[in-house]
Amino acid sequence: MKKLIAYSVALVSMLACCNNDSMLEITSLPQPHYSNSVKMSGKYGVKWQTNNPYDLGHRCFDAEGLNAHFGVGNIAAVSDFDEIYPWSDIRRCNIRRENDQTFVTYEGQPGFALDGSNGDVFVRIPKFSVEKYESDGYEYRVISANGSKPHPAFIENGQELDAVYVSAFEGYIDDNGLLRSIANVIPTSNIAAQQFLDAAQKRGAQYTLYDMRTVDLLFSLFAVEYGCRNSSVIFGHGVSDYRQPIEKEWDPGLIYYSKKNEQHTNSITCRRQEKTMITVGSNICICNGNQRNILTFARLTSIMQFYDTTIYTFDGPPVDITTDCFIGSCAQSTNWTETCRSPHTSHSGRANMLEAGFLPEERNPMRYRWMENIVGNVWHFLPDIAFKNLQMYVCSDMNDYCFATYESPYQPYGHPLIEQPDNSILSDGAGTNYWVTTLFNDEDNKGITFGCDFSKSLNSQEAFGAYYYLKDGAYIVANGGGFDHQYRCNLLTTRAWIEPDYRWHLYGARLLFKDLPDPVATIKE
């Protein structure tokens with residue numbers, strides 16, 4: 001278990017009276033200000049009937065009568081909530097840390113960059129409150145600026161924060177072993193969950209991984225803005241209908257296996273096929289022998305089909321190909337929403353790359369309020385919850401996060417849930433999948449938004465549109481869905497059946513930053 005780092009306001013105040021050499025400098029992050037931002041005094045809500053899976057939701061209270069439309073391709077997002085706090089103050093920014101100080105550059109200010117040259121790319125979400133309750137057969141989510149208690153994502157170790165910062169892009173571990181949020185890189189995958197957390201915590205006490213509290217925070221914002229509890233209806237399924245690298249026992253036709261040995265090459269020759277889920281401009285994975293032995297991740301530059309073969313050409317360093325090598329898709333590059341064919345550039349929307357024979361709702365990168373691929377592409381490990389014998393364990397302090405922990409500071413929460421270990425099939429017809437119908441009753445306001453009941457009679461466009469995964473044993477969890485999970489990719493799809501050391505090309509992470517003070521330095525005599 002990670003060592004608990006205590007932040008004492010009283011001690012900081014005492015040290016402030018001493019010589020400046022006695023403590024690390026603590027800075028406050030600048031807050032954006034808009035003349036058109038409404039610091040709301042009302043309540044903006046969404047409600048849905050608890051026993052009616054076909055009621056996806058309706059805006060209520062001060063949100064009633066407002067509208068929002070998710071963007072598609074060159075059609076920008078339009079939302080009345082752009083003028084209402086907290087949505088109005090959600091902004092993309094750079095964050096960099098130097099000499100124990102934090103420097104923030106907001107988009108539109110000089111120096112802002114997506115490539116990491118001015119720090120990581122985050123999205124600032126300002127503090128607000130969320131009420132969750134049931135009344136007269138309806139479940140409610142209600143957002144207000146000045147509620148009785150901020151959402152738990154804004155509280156760390158008893159300290160109330162002005163904002164949280166969610167990475168705009170999925171996590172990439174650089175050559176220094178640091179988890180980054182930058183554009184135009186392939187997100188890191190195929191490593192164990194704890195390695196992601198270590199790479200985030202190596203950045204300092206202010207950094208951790210995207211967690212369940214943040215998922216709950218985003219779900220609340222999304223559901224109220226669109227008056228809908230089902231992200232699949234609004235977002236689509238993101239990057240979700242691409243080809244997983246498949247080993248021989250699952251690929252009897254061997255259509256994605258190399259047909260010949262080639263040395264120092266940027267192409268692989270496979271058996272011809274008429275229709276592919278691998279497209280030019282997307283990223284591919286080349287494996288050697290099994291899925292976890294990855295030869296390279298690269299961008300596909302061309303596909304040439306002949307009578308009995310297909311030649312895939314890719315960029316990057318050349319590799320040695322054998323007949324044990326096979327290909328599939330992998331995580332698509334960060335900022336692909338803006339750089340792919342038919343991109344999208346407003347704060348909320350998806351690209352519009354139409355592929356013959358495929359649904360655009362499953363083939364395109366997406367983003368919500370600048371946060372790219374919070375559904376689809378790669379699953380995101382969540383460090384604040386875990387399951388043992390169907391019992392959820394929860395940690396509420398980011399500096400104590402450690403995967404596969406079932407003792408203090410992780411505490412059992414609620415009652416054991418229902419097991420559902422079936423991955424089912426890639427189909428959206430009734431009777432084939434297990435769709436979440438009820439969320440965990442988060443009566444203690446811990447920021448939990450986990451499904452606790454399911455139905456096989458629904459499809460992804462009904463109820464929450466989230467898939468229910470839970471195995472009996474000791475498991476960690478990941479959220480959102482991966483690039484081949486099609487209809488199951490959803491903001492509330494959380495897979496609770498991952499062994500702690502398991503690594504896979506579909507499992508990744510994303511970064512989270514909170515403006516916590518550094519640990520207090522040793523006082524000099």
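Student: Is Gly236 buried or exposed in this predicted model?
Tutor: A residue is called buried under 20% relative accessible area, exposed over 50% and partly exposed in between, with a 1.4 Å probe and protein chains only. Gly236 has a relative accessibility of 5%, so Gly236 counts as buried.

Student: How should I read the numbering and the values here?
Tutor: Residues are numbered from 1 along each chain as its sequence is written, and side-chain values use heavy atoms, with hydrogens and water left out. Because the model is predicted, local features need pLDDT of at least 70, and totals for chains, interfaces and linings use all residues, while side-chain atom pairs count only at pLDDT 80 or more.

Student: Where is Gly236 placed, and which residues is Gly236 in contact with, leaving aside neighbours within four places in sequence?
Tutor: Helices (H or I, at least four residues) and strands (E, at least two) are DSSP runs, numbered from the N terminus. In these terms, Gly236 is in the loop between α4 and β17 (262-265).

Student: Which parts does the pair of Phe222 and Phe235 tie together?
Tutor: The rings of Phe222 and Phe235 form a tilted pair, with 4.9 Å centre to centre and 50° between the planes. Phe222 is buried at 0% relative accessibility, and Phe235 is buried as well, at 1%. Since Phe222 and Phe235 are 13 residues apart in sequence, the pair ties together helix α3 (residues 212-226) and helix α4 (residues 231-235).

Student: What span should α3 have?
Tutor: The expected span of a helix is 1.5 Å times one less than its number of residues. The end C-alpha atoms of α3 are 21 Å apart, which agrees with the span that its 15 residues should have, namely 21 Å.

Student: Which strands are the edge strands of the open sheet?
Tutor: Two strands pair if DSSP finds at least two bridges between them. The sheet has 4 strands in the order β4-β24-β25-β26, with mixed pairing. An edge strand here pairs on one side only, and this applies to β4 (71-72) and β26 (371-372).

Student: What angle does α3 make with β25?
Tutor: Axes are lines fitted to C-alpha atoms, for helices over the stretch in contact, and angles run from 0 to 180 degrees between N-to-C directions. Packed on the sheet, α3 touches β25 (366-368) and β26, and the angle between the directions of α3 and β25 is about 90°.

Student: Which ring does the charged end of Lys47 sit over?
Tutor: A charge sits over a ring if NZ of Lys or CZ of Arg is within 6 Å of the ring centre and within 35 degrees of the ring normal. The charged end of Lys47 is 4.7 Å from the centre of the ring in question, which belongs to Tyr138.

Notes
Phe/Tyr/Trp six-rings, centres within 6.5 Å; stacked < 30°, edge-to-face > 60°. Contact = heavy atoms within 4.5 Å.
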